[in-house]
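Here are my comments on the structure, as numbered points. Please keep the model open while you read.

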Amino acid sequence: MRVLGRVEPQRDWLIRRDQLDAVRRSVLRAIPVNALLGLAGALVAAHAGEAPAGLIWFAASTAANLLRVGLCRAPCLGLVPTPAMPPERAAAAARSIDRRLRLCWLAALLSGTVWAFLPLLCAGYTSDQTLFYLTVTCGITAGAVTHGTAFARIPVCFITPPLLSAAGCLAYAGGFDRTCLAATVVLYLLALARSCAASEAGFRDTSRLKHEATALAAAHEAAHASARALAEEMRLRATHDALTGLLNRAGFAQAAHGRLAGQTCLMLLDLDGFKSVNDIYGHTVGDRLLTEVARRLAESIPPGCRAARLGGDEFALLYDPAAADCPPERLAERLIGRVAEPFDGFDAGRLGMSVGICRLPADSLTDLLTRADQALYAAKAVGRNRFRVFDEGLLRSLEMRRDCERDLSRALAEGTLAVWFQPIFGQAGREVAGLEALVRWHHPVHGWIPPGDLIAAASAAGLTESLLRFILEQVCTMMLTLRARGLGDVRVAMNVSPREMAQIAVDEIVLARLRALGLPLPMLEIEITEETALDIEATQGKIAALSQAGIRLALDDFGVGYSALASLRALRADRIKIDRSLVTGLTAVDDKRGLVQAVLGLGRALGLDVVAEGVETAEDRATLEAMGCRFMQGYHLGRPAPAEATLRMMADLQASAA
């Protein structure tokens with residue numbers, strides 16, 4: 001009965017809507033007759049020698065008729081078919097109907113007033129044409145009543161002026177016959193008005209019964225629909241995501257069954273910046289954002305494409321590009337553009353999306369997902385709002401990652417991993433002020449393994465702590481060697497990844513090893529990325545323990561994230577390293593110089609050391625020196641090298657300085 005309750009408050013305006021709709025149709029049917037009779041009256045007047053008066057009268061009648069036609073044809077909010085109209089819109093619709101009905105009866109009154117001047121064409125109903133004009137007046141008024149059964153005020157407003165005018169003129173002319181005829185016209189007017197009122201009452205009753213029947217039918221259908229919806233809801237809950245309405249992982253697997261052959265394309269989509277939205281605005285807002293993203297995706301995908309939310313802020317699409325006539329690259333660009341559009345309440349550009357695409361044939365959905373995930377990872381590695389297609393190169397990378405996960409344990413046990421050191425120069429590049437430890441692994445099949453892939457392989461293989469301990473051991477060995485050579489003031493930095501900081505007790509491992517070897521804690525520097533710093537809740541305790549013990553902290557890749565200043569305040573960093581993207585090519589780009597100068601000024605204001613990474617040319621080095629940058633690092637000054645080569649380089653610098 002909810003549908004019936006919703007219709008009940010609207011029934012009166014629904015009836016008036018029916019009245020307006022009937023009025024529009026009846027007026028449009030009656031106007032041609034009105035115009036023809038008016039033309040006939042003007043012609044009779046012209047024939048009787050009253051051509052100017054007849055022409056003026058006919059022009060006025062035509063203008064009134066055009067006004068009435070315009071009102072009937074003009075759109076009206078209340079006539080828009082909206083069965084589930086909300087209360088505010090229903091009220092606006094009702095007001096629009098009332099206004100249109102009011103304008104219609106005023107226009108009818110205007111037209112009737114024009115017809116009230118008809119006696120001017122026949123000397124007040126005393127000329128030879130009196131019978132013709134009386135007949136026309138009676139005919140047109142009877143026709144108005146016949147057509148105007150829906151809303152009595154319109155025909156009454158139209159017929160009253162001409163009939164009263166006729167009765168008044170007949171009574172004024174005098175004589176028994178004319179006086180009786182005037183009285184008859186008045187009675188005729190009253191009878192027509194009564195008929196109009198009765199017709200409207202009947203029309204409203206019919207309209208009311210129609211809407212009641214419609215409401216009852218809707219209520220009956222709603223009851224059946226409720227039962228069907230309950231059954232459908234139970235089915236959907238098993239296969240669809242409750243938040244977004246898209247398929248869930250189980251539903252997506254069912255939808256993919258039997259569609260993996262041929263030209264099937266799988267796309268994995270992951271939101272960029274969603275974590276910061278959750279952290280800043282809360283999970284409730286984050287859920288609303290996910291719902292809006294799902295809506296935009298559903299609107300943008302081609303027919304036949306199955307969309308799913310696999311969990312968190314990760315979505316998946318499965319479709320046949322050939323059947324949809326939509327290449328995955330074009331679809332990816334379209335989806336990235338839709339998600340990049342502003343959201344209510346968020347800064348423009350805060351949220352983006354990366355896409356991984358796999359079109360290569362696969363034996364199972366798991367293989368497709370693994371390959372698309374590899375492409376997604378590659379897309380994220382080069383920035384926000386990017387897509388990457390899984391190709392032979394990524395296939396080799398995937399095979400490399402699997403081999404690394406398999407072989408890393410043996411490499412750690414056999415000591416085939418190495419730690420190289422890249423110098424950090426002070427005095428504007430003139431002396432070594434520190435070393436950065438960089439892990440290296442030359443795989444027997446795949447060659448040199450990038451550090452990021454190595455760390456990911458360690459995490460996947462459960463060797464994160466083992467890898468950290470290996471790197472720490474090499475760093476401690478270098479620190480002992482430096483002290484033995486009288487270089488205890490040279491700090492050694494080691495990078496700690498977000499995975500390492502989150503998964504293991506970095507603080508306990510580092511502090512225990514340095515104390516066991518008797519090494520001064522300030523000689524070690526821990527470099528963390530802003531990604532690590534942003535997860536402040538998970539990492540702050542460990543970072544605080546390291547800092548309070550005396551180990552220095554450096555914030556790497558400074559200047560390219562969203563919350564660097566907040567990270568500095570929360571972490572109490574001792575050093576910041578300007579990201580190489582801002583330093584390389586510094587001399588040729590004014591914008592970069594401005595940003596670097598700002599970071600240098602921030603460092604001076606906060607009492608922090610500032611290191612410029614990525615110094616690749618003598619020109620960039622000179623520019624940095626002119627800007628007052630004391631610490632630099634880059635291939636122009638010194639490349640990463642094994643420990644022995646690094647120590648020889650430092651010895652050579654000492655000898656040349658002496």
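1. Both faces of strand β1 are covered. On one side Cys-265, Met-267, Leu-269 and Leu-271 are buried, and on the other Leu-266, Leu-268, Asp-270 and Asp-272 are buried too. In a regular strand, side chains alternate between the two faces of the sheet. Eight of the eight residues of β1 (residues 265–272) are buried, so the strand is largely enclosed by the rest of the structure. Bear in mind that this is a predicted model.

2. Which strands flank β1? The order in the open sheet is β2-β3-β1-β4-β5. The sheet has five strands, and their pairing is mixed. From one strand to the next, the twist averages 20°.

3. Now look at the pairings of β1. Strand β3 (residues 314–319) runs antiparallel to β1, and six bridges join the two. In this pairing, Leu-269 stands opposite Phe-315. Strand β4 (residues 352–358) is also antiparallel to β1, with seven bridges between them. There, Asp-270 faces Ser-354 as its opposite residue.

4. Follow the sheet out to β2. Five bridges link β2 to β3, and these strands run antiparallel. Gly-311 stands opposite Glu-314 in β3. Helix α8 (residues 249–256) lies across β1, β2 and β3. Its direction is at about 145° to β2.

5. Where does the largest nonpolar core draw its residues from? This core has 72 residues, and Leu-417, Leu-482 and Leu-514 have the most contacts inside it. Helix α16 (residues 464–484) gives the most to the core, with 10 residues. A second, separate core has 51 residues, including Cys-76, Ala-93, Ile-97 and Trp-105. In soluble globular proteins, nonpolar side chains tend to be buried together.

6. Leaving aside neighbours within four places in sequence, its contacts include Leu-435, Leu-487, Val-490 and Val-492. Met-523, Leu-647 and Met-650 are also among the contacts of Leu-482.

7. Still, α6 has a kink of about 30° at Thr-160, shortly before the proline Pro-161. Just after the helix, Gly-174 takes a positive phi of about 80°.

8. Two other positive phi values deserve a look. Most residues other than glycine have a negative phi. Tyr-125 is not a glycine, yet its phi is positive, about 65°. Tyr-125 lies in the loop between α4 (87–116) and α5 (130–147). With 1% relative accessibility, Tyr-125 counts as buried because the cut-off is under 20%.

9. The second case is Asp-325. Its phi is positive as well, about 55°, although it is not a glycine. Asp-325 sits in the loop between α11 (321–324) and α12 (328–340). Is Asp-325 buried or exposed? Its relative accessible area is 62%, so Asp-325 is exposed.

10. Leu-121 is found in the loop between α4 and α5. Its relative accessible area is 4%, so Leu-121 is buried. Which residues does Leu-121 touch? Not counting residues up to four places away in sequence, they are Gly-41, Ala-45, Glu-50, Ala-53, Gly-54, Trp-57 and Tyr-133. The C-alpha atoms of Leu-121 and Glu-625 are separated by 104 Å, and these residues are 504 residues apart along the chain.

11. Ser-207 has its place in helix α7 (residues 176–239). With a relative accessible area of 4%, Ser-207 is buried. Ser-207 touches Leu-14, Ile-15 and Asp-18, not counting residues up to four places away in sequence.

12. Finish with Leu-595, in helix α23 (residues 590–606). Leu-595 is partly exposed, at a relative accessible area of 46%. Leu-595 and Ile-578 are 17 residues apart along the chain, and their C-alpha atoms are separated by 9.6 Å.

How values were computed: Residues numbered from 1 in each chain as written. Predicted model: local features only at pLDDT ≥ 70, side-chain atom pairs only at ≥ 80, totals over all residues. Heavy atoms only, no water. Core = buried A, V, L, I, M, F, W, Y, C linked by side-chain atoms within 4.5 Å. Buried < 20%, exposed > 50% of the residue type's maximum accessible area, 1.4 Å probe, protein only. Helix = DSSP H or I, 4+ residues; strand = E, 2+ residues; numbered from the N terminus. Contact = heavy atoms within 4.5 Å. Bend = angle between axes of the 7 residues up to and from the residue. Pairing = 2+ DSSP bridges. Axes fitted to C-alpha atoms, helices over the stretch in contact; angles between N-to-C directions.
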